[in-house]
Amino acid sequence: MSKVWRLVLVCSAFLAIDAPALARDWPETAGWDIVEGDDFCLMHMEYEGPGDSSLAIALYQDGRVLISDVNYGWSAEKEQIYPEVSFALNGESYTGAAVGVEILGKKGFAMKFGGEILADIAAAQAVRVYKGDTLIDRLSLGGSSSALAMTKRCLAAVRTAHADAERERKRWADLPKDPFAGETGSKAVSARGNPADWISNDDYPASALRNEEEGSVGVTFNINPRGRIENCTVTSSSGSRALDDATCRLLTSRGRYSPALGSDGNAIASTGSFRFQWSIHSK
């Protein structure tokens, strides 16, 4: 899973949506990474070429589809509206307003669509992206049909998990979360499991391994009331972008906390830090 672009990073960048505390891992499908979020699943592909574009296609429970395209070489402004962006695929053109985003150093845009675009994504072999009349990206959609089918399976699992959680919530709705909270006061955040198991040298990024890059990465992050990590920031770089980015990707994906509790017994946000030593010879 070392290549997976975890959607929580995408969402913290432009949607402020959290991934679930117990999100499942999904197999790479036809070269696409499949990622589960709180009320969505996405398929993601990274491309070689000018600026190394990254394409993510997210499916939501309510039927919305969100597509983002980001690139190291672009200068799109975060949250700026770009009024005329088009995706041309399978003989159809989907045009609308896009919002600027920045994800892991890549800048670009995200657009929302209805579910009708999915059939053309599955049938297309490539997509052309336009800003106005200017072609700005050209990306392969090879394997998209299989990846989309897996993403839909993921979304079905998300729907089932939400339904199960709602039934469980109603079952215990008459009981307080912590009847002693007012007496004992607040509770500090604590890791679920051993943080040392969240990242290992088995997750070594291929490009860093190829270039024999090593180093220690220190990061800080927020822990939301669901116990998930978000807004991971590198505070001490290894000197390798690939290793720095992989640390935040994997930590955000795998790190789980029992959230801090306020004096009222309700979960509250907090912060944390983490350091990992990437070493080729420890693989």
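Author: A charge sits over a ring if NZ of Lys or CZ of Arg is within 6 Å of the ring centre and within 35 degrees of the ring normal. Here, the charged end of R241 sits over the ring of Y72, 4.1 Å from its centre. R64 likewise lies over the face of Y60, at 4.2 Å from the ring centre. This is a predicted model, in which local features need pLDDT of at least 70 and side-chain atom pairs count only at pLDDT 80 or more, while totals for chains, interfaces and linings use all residues. Residues are numbered from 1 along each chain as its sequence is written, and side-chain values use heavy atoms, with hydrogens and water left out.

Reader: How many aromatic pairs does the structure hold?

Author: A pair of aromatic rings is described by the distance of the centres and the angle of the planes. Rings of Phe, Tyr and Trp (its six-membered ring) pair if their centres lie within 6.5 Å; planes under 30 degrees apart count as stacked, over 60 as edge-to-face and the rest as tilted. The structure holds ten such pairs. One of them joins Y94 and F113 edge-to-face, 6.2 Å centre to centre with 90 degrees between the planes.

Reader: Are Y94 and F113 buried or exposed?

Author: Buried means under 20% relative accessible area, exposed over 50%, partly exposed in between (1.4 Å probe, protein chains only). Both Y94 and F113 are buried.

Reader: Which strands pair with β3?

Author: Strands are DSSP runs (E, at least two residues), numbered from the N terminus, and two of them pair if DSSP finds at least two bridges between them. Seven bridges join β2 to β3 in antiparallel fashion, and six join β3 to β4, also antiparallel.

Technical notes. Helices (H or I, at least four residues) and strands (E, at least two) are DSSP runs, numbered from the N terminus.
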